[in-house]
Amino acid sequence: MRPLREVRAVHDADTITVYQAYSHAIADAVLAAGGSFLSARDFNPHRMTWIKPSFHWMMYRCGHTISKDDRQRRVLAIRMRREGFCALLRSAVVLDSRSNAPPAAVRVQWDPERDPWIRRCAWRSIQVGVGRDVVRRWAEEWVVEVRDVTPLAVRLAEALRTVAPGDYEGLARAVPDLPVETPVELPDDVRALLGME
């Protein structure tokens with residue numbers, strides 16, 4: 001049985017991929033600058049940036065880039081250093097809906113995961129809020145590569161119109177390049193901080 005809280009992502013020994021949705025202006029500027037968020041005029045480093053390792057949770061949040069607001073028209077896949085990801089988690093405050101969270105440079109939120117059809121799952125997916133005190137280090141030191149995966153989001157949305165819910169084989173045929181996310185091994189101290197089993 002899958003644990004209630006588990007970080008799943010596209011990852012390797014050195015990096016982990018997270019996602020965030022942006023406006024056309026920010027996405028175009030970041031990509032034109034070779035992945036530099038701080039070079040994008042409209043990117044606000046004083047605003048918390050929420051990154052998500054789950055592609056399907058990102059699709060739920062941004063409506064596959066086609067059904068939400070203009071600030072979420074583009075989805076960027078951000079490959080970042082694993083050491084930086086763990087550093088963010090170590091300094092995070094885990095948000096609890098039952099109480100007010102103290103100020104924090106990094107925040108973590110566990111939300112119900114979504115399947116490809118955006119159905120709510122029984123287990124949780126992590127979101128990491130990167131605050132203004134650390135966003136510069138995240139952008140300059142830990143971001144390795146940025147790719148535009150908006151076309152993939154749109155193709156997925158189109159496939160879901162015809163692929164029946166739960167038909168994973170049909171979905172794999174329709175969208176064979178969907179990200180394959182596997183559990184990320186985290187140090188014991190990070191797991192304890194995040195309340196993972």
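Student: Which residue in S8 stands opposite arginine 79?

Tutor: This is a predicted model, in which local features need pLDDT of at least 70, side-chain atom pairs count only at pLDDT 80 or more, and totals for chains, interfaces and linings use all residues. Residues are numbered from 1 along each chain as its sequence is written, and side-chain values use heavy atoms, with hydrogens and water left out. Strands (E, at least two residues) and helices (H or I, at least four) are DSSP runs, numbered from the N terminus. S4 and S8 pair (DSSP finds at least two bridges between paired strands) in the antiparallel sense over 5 bridges, and opposite arginine 79 in S8 stands glutamate 145.

Student: What does the twist average from one strand to the next in that sheet?

Tutor: The sheet is open and antiparallel, and its 3 strands come in the order S2-S4-S8. S2 and S8 are the edge strands, each pairing on one side only. From one strand to the next, the twist averages 25°.

Student: What angle does the direction of H4 make with that of S4?

Tutor: H4 packs on the sheet and touches S2, S4 and S8. Axes are lines fitted to C-alpha atoms, for helices over the stretch in contact, and angles run from 0 to 180 degrees between N-to-C directions. Between H4 and S4 the angle is about 75°.

Student: Why do the buried residues of H1 line one face of the helix?

Tutor: An α-helix has 3.6 residues a turn, so residues three or four places apart point the same way. The buried residues of H1 (residues 24-32) are Ile26, Ala27 and Val30. Seen down the axis of H1, they line one face because they fall within an arc of 95°.

Student: How many of the 8 residues of H2 are buried?

Tutor: The buried residues of H2 are Phe55, His56, Trp57, Met58, Met59 and Cys62. They pack against S2, S4, S6, S7 and helix H5 (150-160), where contact means heavy atoms within 4.5 Å. H2 is mostly covered, and of its 8 residues the number buried is 6.

Student: Is histidine 64 buried or exposed?

Tutor: Histidine 64 is found in the loop between helix H2 (55-62) and S4. Leaving aside neighbours within four places in sequence, histidine 64 is in contact with Met59, Ile118, Ala153, Val154, Leu156, Ala157 and Leu160. Its relative accessibility is 9%, so histidine 64 counts as buried.

Student: Which are the edge strands of the sheet that holds S5?

Tutor: Strands of a sheet pair through backbone hydrogen bonds, either parallel or antiparallel. Here 4 strands form an open sheet with mixed pairing, in the order S3-S7-S6-S5. Each edge strand pairs on one side only, and the edge strands are S3 and S5.

Student: At what angle to S7 does H3 run?

Tutor: H3 lies across several strands, namely S3, S5, S6 and S7. With S7, the angle is about 95°.

Student: How far apart are the C-alpha atoms of proline 187 and alanine 29?

Tutor: Proline 187 is in the loop between strand S9 (182-183) and helix H7 (188-194). At 29% relative accessibility, proline 187 counts as partly exposed. Leaving aside neighbours within four places in sequence, proline 187 is in contact with Cys86 and Arg90. Alanine 29 is 158 residues away along the chain, and the two C-alpha atoms are separated by 35 Å.

Conventions: Buried means under 20% relative accessible area, exposed over 50%, partly exposed in between (1.4 Å probe, protein chains only). The arc is that of the directions from the helix axis to the C-beta atoms.
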